[in-house]
Amino acid sequence: MSTSNLSDDSLPAIMFLTGIPGLEWAHAWIAIPFCAMYLVALAGNAALILVIVTDSALHAPMYLFLCLLSFTDLALSSTTVPKMLAILWLHAGEISFGGCLAQMFCVHSIYALESSVLLAMAFDRYVAICNPLRYTTILNHTVIGKIGLVGLLRSVAIVSPFIFLLRRLPYCDHHVMAHTYCEHMGIARLACGNITVNIVYGLTVALLAMGLDSILIAISYGFILHAVFRLPSQDARHKALSTCGSHLGVILVFYIPAFFSFLTHRFGQHRVPKNVHIFLANLYVLVPPVLNPIIYGARTKEIQSRLLRFLHLGKILI
């Protein structure tokens, strides 16, 4: 019998997600704020998308990238939170192995795509501040579409090998995972074989995707700050920096919990309690989708005014 057949025979038919270990008694209570956060994320991101899509004045590059960010936030939270709530409230932790791999693929590819979108938004701010006269020429709708497509293809290309790396492993009937959603290393650690390749490739993907993106974002903001502090007036400097404030807030909300979760999962297994790690892993698929529309809604006057107009119109229609 071939190695691939042995591996196929050892794949579990069903996986079982147990939720947050050590906090089983509080699952029902934990689910309440998670559900509230999910509803806020749905409403906030859907409102942003609706306002940007329906208002032609907001079809500038900055807002189109924001619309793409909201789409990825909706996809990320909707891929994980409904199952998470089913586990915490209904103890419905059963999921097929194929379904677990599909969820893992969606979570990691969407996260890689969101990192690409944040990099594109940093490039947008760089062009707007450092080369304002050519802003709309450089970042026309065709270029924005190509940037989105490249980000999507990159995320699919780097995450797809996870599926094959996990399917080649023997699992020896191990099928219970202490988590609320399926992710690469959580599944790999159930295997009874050598997972060195999974660890190395997972680290490589993190460094080449989020690591490289964060470095390029930092370089972009280095050029931006250099250009801003060369502006002649203080008002011009303040206006330029304020346009970057929302984006910097979103970057911090996205990368800080992601890097913490990634590093503790690989290097802090025995130092960070399992329940803390899983709880934070839940937050890192919830907090960015919740805060991103709030940050942009609060700090971007154009979006704020149109959201208020949209809400006022809704009250009149009701």
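Guide: C100 and C182 are both buried. The model is a predicted one, and in it these two cysteines are joined by a disulfide, with an S to S distance of 1.9 Å. A disulfide is a covalent bond between the sulfur atoms of two cysteines. The partners come from distant parts of the chain, 82 residues apart. C100 sits in helix 4, which covers residues 97-130, while C182 sits in the loop between strand 3 (176-177) and helix 7 (184-188). The torsion about the S-S bond of C100 and C182 is about -110°, so this disulfide is left-handed.

The count of disulfides comes to two. The other pair is C172 and C192, whose sulfur atoms are 1.8 Å apart. About the S-S bond of C172 and C192 the torsion is about 70°, so that disulfide is right-handed. C172 is found in the loop between helix 6 (141-167) and strand 3, and C192 in the loop between helix 7 and helix 8 (196-228), so the bond ties together parts that are 20 residues apart in sequence. The limits used here are under 20% for buried and over 50% for exposed, with partly exposed in between.

With the bonded cysteines counted along the chain, the pattern of the disulfides is 1-3, 2-4. Cysteines outside the disulfides also need a word. C67 is in no disulfide, and the nearest cysteine sulfur, that of C106, lies 20 Å away. The relative accessible area of C67 is 8%, so C67 is buried. C106 is in no disulfide either; for C106 the nearest cysteine sulfur is that of C182, at 11 Å. A pair of cysteine sulfur atoms counts as a disulfide within 2.5 Å. C106 has a relative accessible area of 31%, which means that it is partly exposed.

Now for the chain as a whole. It has twelve helices and three strands. Its radius of gyration is 21 Å, close to the 20 Å that the globule rule gives for 318 residues, so the chain is as compact as a globular protein of that length. Along the principal axes, the C-alpha atoms fill a box of roughly 70 × 45 × 35 Å. Of the 318 residues, 47% count as buried. Among the contacts with a separation of 6 or more, 80% are between residues 24 or more positions apart.

L58 lies in the loop between helix 2 (27-54) and helix 3 (61-90). Its relative accessibility is 1%, so L58 counts as buried. L58 and I303 are 245 residues apart in sequence, yet 8.2 Å apart in space from C-alpha to C-alpha. Leaving aside residues up to four places away in sequence, L58 touches V51, I52, Y63, L64, E302 and R306.

Last comes the surface. The accessible surface of the chain is about 15,500 Å², and 71% of this belongs to carbon and sulfur atoms.

How values were computed. Residues are numbered from 1 along each chain as its sequence is written. This is a predicted model: local features need pLDDT of at least 70, side-chain atom pairs count only at pLDDT 80 or more; totals for chains, interfaces and linings use all residues. Side-chain values use heavy atoms; hydrogens and water are left out. Helices (H or I, at least four residues) and strands (E, at least two) are DSSP runs, numbered from the N terminus. The radius of gyration is taken over C-alpha atoms; the globule rule is 2.2 Å times the number of residues to the power 0.38. Buried means under 20% relative accessible area, exposed over 50%, partly exposed in between (1.4 Å probe, protein chains only). Contact means heavy atoms within 4.5 Å. Accessible areas come from the Shrake-Rupley method with a 1.4 Å probe; for residues, only the protein chains shown count as cover.
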